Amino acid sequence: MIMRSVAVMAGLWCAGQALAATVTTELIDGRAVEMISVKNPAAKAVVVFENGSRATVDKWDKVIDAIAPQASVFAYNRPGYGKSAETDAPRDGLTIVEQLRAQLRQQGLRPPYILVGHSLGGLYMQLFAKRHPEEVSGIVLVDSLYPRVIKKQEDFPLLTRVGARLFFSSMVRKEINSIDETSEQVLAQGSIDDKPLIRLVNQPRGATAIPVDFGVVNKDPQTVAFVKALYPQAKTVFVDSDHQMQTATPQAVIDAIKEMIVLRQ
């Protein structure tokens, strides 16, 4: 189902009332932010989505459709994505996490949150959970990036750097250039091993599946072992999908979030 809005019949929660959520653009601290905000007073869970690099809120449509009857939901576009205005603020993880928290407060969505992050958004959600563990009840990482997986920007192949300058917006480039800084910010925080965490890992089974990383991924044995050792208490689910798991195999994402919602109740 392709849609730019989520219509939720609140009869799934309480008779005689209806809630509807659409993609809206609101001013937060004087800057336009494009978002989806579903407020369900009858639900205990608040599910917060963070996009991957270059992705926008519409990629979560199928997931939000399935989750909204059971939870309040917040998804948004970071600065420079969709209709969200650009910003002069740094694009490191700490800045992005604090901007997200300000947006949640502005929407009246109170913690604790179930954090759902895809790709680069997963790295930001790891930082959110580590920086503010008291505000988090669970985490779902959707084919996430992890600390130190991506090389430093100066170590990217020349063609990759040229391509990024030609085809990526300035906001996207600033985020990519800050990944190493964000990774170290994640590692500087405390443990979240006491938090329920599900890692959804893309593992396509097709014989023609060819991974593409443009020479930016650290594949040395030390990094691979380091990432595998992160979050030893997490539940890891391998999914026959592609990197855009929320659109390719949304049910896997839905199931993981619903598992967290049950734990929250």
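Predicted model: local features only at pLDDT ≥ 70, side-chain atom pairs only at ≥ 80, totals over all residues.
Colleague: What does the secondary structure of the protein come to?

Modeller: The protein has nine helices and nine strands. Of its 265 residues, 49% are buried.

Colleague: How many aromatic pairs does the rule count?

Modeller: The count comes to four aromatic pairs.

Colleague: Why is the pair of F49 and W60 called tilted?

Modeller: The ring centres of F49 and W60 are 4.8 Å apart, and rings pair if their centres lie within 6.5 Å. Their planes stand at 50°, whereas stacked requires under 30 degrees and edge-to-face over 60; the pair is therefore tilted.

Colleague: What makes this pair a tie between parts of the chain?

Modeller: F49 belongs to strand β4 (residues 46-50) and W60 to the loop between β4 and α1 (61-67), so the pair ties together parts 11 residues apart in sequence. Both F49 and W60 are buried.

Colleague: Why is the pair of Y113 and F128 called edge-to-face?

Modeller: The angle between the planes of Y113 and F128 is 90°, and planes over 60 degrees apart count as edge-to-face. The centre-to-centre value is 6.2 Å. Y113 lies in strand β6 (residues 113-118) and F128 in helix α3 (residues 120-131), so parts 15 residues apart in sequence are tied together. Both residues, Y113 and F128, are buried.

Colleague: Where does the charged end of R78 sit?

Modeller: The charged end of R78 sits over the ring of Y81, 5.1 Å from the ring centre; the cut-off for that distance is within 6 Å. Likewise, the charged end of R148 sits over the ring of F226, 5.4 Å from its centre.

How values were computed:
Residues numbered from 1 in each chain as written. Heavy atoms only, no water. Helix = DSSP H or I, 4+ residues; strand = E, 2+ residues; numbered from the N terminus. Buried < 20%, exposed > 50% of the residue type's maximum accessible area, 1.4 Å probe, protein only. Phe/Tyr/Trp six-rings, centres within 6.5 Å; stacked < 30°, edge-to-face > 60°. Lys NZ or Arg CZ within 6 Å of the ring centre and 35° of its normal.
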